[in-house]
Amino acid sequence: MNQLQNFTKGFIKESPTFVLMLGMCPTLGVTTSAVNGLGMGLATTAVLVLSNIIISCIKSLIPDKVRIPAFIVIIASLVTVVQMCMEAYLPSLYASLGLFIPLIVVNCLILGRAEAFASKNGVWSSFVDGAGMGLGFTFGLTVLGMVRELLGNYAVFGHKLVQGDGILVFVLAPGAFLALGFIVAFINAIRKKA
Amino acid sequence: MDLLNVSGSPHVHSNESVRKIMWTVVIALLPTFAVSILSFGFDAVRLTLISVAACLLFEWLIQKFLLKKPCSISDGSAVITGMLLAFNVPSNLPWWIMVIGALVAIGIAKMPFGGLGNNLFNPALVGRVSLLISFPQQMTTWPMPRPWFSHAAVDATTGATPLGMIKTGLAQGKDMGELMNQLPSYAQMLLGEQGGSLGEVAAIAIIIGGLFMLFRKVISWHIPVSFIATAFVFATILHAANPALYIPGSYHILCGGLLLGAVFMATDMVTSPMSGWGKIVFGCGCGLLTIIIRVWGAYPEGVSFAILLMNAVVPLLNKAFPPKRFGVTK
Amino acid sequence: MKKAKSSFINMFLTLLVVCALAGAALAAVYQATSAPIQQARDNKQEEAIKQVLPPFDELKTEKKALETISIQSLFHKEAAADSLTLYHAFANGEPVGTAVESFTNKGFGGTIKMMAGFLPDGSIYKTAVLSHAETPGLGSKMEDPSFYGQFEGKNPASFNLTVKKDGGDVQAITAATISSRAYCDALSTAYSTVKPQ
């Protein structure tokens with residue numbers, strides 16, 4: 001696999017959100033608007049890239065039996081570092097995203113990539129994989145957020161298209177499942193044809 | 001049709017067909033429809049027609065263009081879904097919300113599962129609950145029914161349902177005895193003089209429809225009886241424990257959508273258990289959940305949530321209380 | 001490099017080193033960022049106070065115990081913290097108002113913290129939400145001027161701080177009655193500390 005494929009696989013072919021179904025907790029929880037999805041996706045990407053790099057560097061030092069706890073400690077520390085740095089130096093971004101950052105720790109996507117990719121591949125490949133997967137995740141979250149915001153709030157990226165409340169069920173939890181289900185069905189239908 | 005094939009052989013043959021059952025249900029719904037016309041006037045006709053037409057249209061579109069299967073709309077199930085959905089909304093609902101409800105009922109709750117016979121949840125209730133969550137304002141302003149045969153404008157006054165009045169009153173710290181004086185009397189609720197959705201205001205019309213379906217053996221007694229009895233007993237115990245906070249059980253039965261749900265929606269063949277005991281447990285669960293949600297929940301009415309929650313456990317109930325198999329000895 | 005074996009000593013050492021390094025890194029970052037974080041929080045606090053009060057040049061902070069507060073709303077019984085922070089503002093030595101940092105646990109998503117500014121006569125000047133975890137698109141509309149604007153200039157002595165559904169004067173956010181009630185709850189808690197005796 002060349003590095004370009006390695007990078008682009010996260011968008012459609014192995015999309016974390018729509019195909020691998022990884023990291024469903026933030027996917028369903030924060031995508032009430034496109035901006036929330038975008039922010040969460042980018043924060044996750046930052047952690048994912050860093051964790052992939054670190055883990056692929058030290059992969060041969062870690063005994064197999066304790067790799068999961070070691071990975072989790074590394075990921076959790078990274079998330080905390082990102083959170084503290086953001087609060088200190090980017091307070092306005094932190095104000096809108098701060099709530100979601102602790103959620104990254106429990107994101108299976110990061111542990112999943114550490115386990116499935118970074119612990120078996122070189123540093124450069126792992127970096128590309130992390131960036132591609134992270135941006136693919138961002139893309140998925142943003143699309144889901146856009147659909148939910150459009151239907152639930154009649155708005156696109158915070159700009160109201162029609163005054164008044166939308167079909168509120170889409171900004172609530174059941175709407176997350178509905179929208180995700182129909183987007184996945186749509187993507188599967190296209191993949192089947194292609 | 002393959003959808004009656006739910007049990008092992010041998011099968012008893014009868015001249016029942018899906019179509020015949022469905023149209024019997026439609027006939028059973030007519031008395032309720034008649035009362036809603038008397039109470040809410042032309043609005044009731046308009047909404048019901050829109051809802052039925054939209055349900056038929058969406059089912060036809062999905063079958064023709066997405067599933068590419070033979071058309072099945074003449075089996076009458078979409079007509080029932082449309083009627084029940086319309087009976088579950090206030091009469092002044094804007095037409096486009098009604099259409100969204102029909103789209104949710106058919107396009108989300110029914111067809112993605114494979115159409116009639118495969119849906120896990122009652123489509124009309126899914127449509128209704130989605131609308132309630134999505135358009136809380138429009139779904140909870142209830143025009144008051146006018147006295148029968150009068151020509152007064154219908155939408156002149158809006159008011160709360162009896163259950164809504166109770167919830168608001170209790171939140172204001174009023175005593176239940178004081179509230180009871182403002183609530184409609186038993187006779188008013190029997191005949192349809194209470195605020196509420198199209199089809200839930202007149203208890204007597206629902207009972208007539210239910211008896212008709214029982215007589216034609218379209219439904220069995222298990223679910224309605226266990227549903228209503230459980231709700232009555234549970235509410236009566238609560239009332240006995242603290243009459244200042246809880247209304248009597250008989251009042252719970254007559255107000256809101258409990259009768260409509262127990263007779264027409266919980267008994268839906270597709271989404272209820274197959275065996276007698278399964279049905280009884282299903283009905284008891286519905287009754288219990290309804291009262292719990294009404295008394296302690298955020299929403300004043302709990303029938304639709306209760307039935308949907310119990311729909312979800314139907315596969316388990318079918319396992320725990322399997323239908324009788326002929327020719328097998330234990 | 002050869003893969004490390006899963007012997008006891010290897011596992012023990014690896015986890016020890018990983019945890020120690022992670023702990024050290026966290027400590028270092030905490031050291032480096034704690035001052036800017038405190039600074040950012042203070043700025044936010046000060047900005048919130050400025051936002052809800054008329055211009056002032058001097059602040060006096062006071063802690064007021066919560067037990068002395070009269071129980072105003074149905075939901076007040078379970079308050080967790082036992083005191084509120086009051087910021088008395090002065091301009092040229094004259095009192096111009098008081099900002100109260102108030103909270104409620106009755107939000108749909110838990111605690112809501114708010115800053116409420118009162119004029120010396122007890123009427124509300126402005127309010128601002130400091131933090132909340134309400135449902136985006138529903139309860140989060142408490143940060144919309146269309147909701148909090150209705151409190152400005154109202155005196156709780158005559159303006160009943162409960163939602164209309166419960167018989168008060170507050171227009172609740174559509175489909176977010178619980179969040180609206182919580183907002184009123186926090187606001188009446190704040191008011192009870194500055195109410196003219």
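How many salt bridges are counted between chain C and chain A? The count is 1 salt bridge, a salt bridge being a side-chain nitrogen of Lys or Arg within 4 Å of a carboxyl oxygen of Asp or Glu.

This is a predicted model, in which local features need pLDDT of at least 70 and side-chain atom pairs count only at pLDDT 80 or more, whereas totals for chains, interfaces and linings use all residues. Residues are numbered from 1 along each chain as its sequence is written, chains are lettered from A in the order in which they are written, and side-chain values use heavy atoms, without hydrogens and water.

**View 1. The salt bridge between chain C and chain A.** Arg41(C) and Glu87(A) meet through their side chains at 2.9 Å, N to O. On the side of chain C that touches chain A, 17 residues are nonpolar, 7 polar and 5 charged (Ala, Val, Leu, Ile, Met, Phe, Trp, Tyr, Cys and Pro count as nonpolar, Asp, Glu, Lys and Arg as charged, and the others, Gly among them, as polar).

**View 2. The interface of chain C and chain A.** Chain C contributes 29 residues and chain A 27 residues to the contact (heavy atoms within 4.5 Å). The buried area is about 2,400 Å², with 72% from carbon and sulfur atoms (accessible area, 1.4 Å probe, lost by two parts on being put together, summed over both).

**View 3. The lining of the second largest cavity.** Asn88(B), Arg128(B), Glu200(B), Gly257(B), Glu301(B), Val303(B) and Ser304(B) form this lining (an atom within 4 Å of a point of the cavity, a set of points on a 1 Å grid over the protein atoms alone where a 1.4 Å probe fits but cannot get out). By class, the lining has 1 nonpolar, 3 polar and 3 charged residues.

Methods. On a 1 Å grid over the protein atoms alone, a cavity is a set of points where a 1.4 Å probe fits but cannot get out, and a pocket is an open set with protein on both sides within 12 Å along at least five of seven lines; lining residues have an atom within 4 Å of a point.
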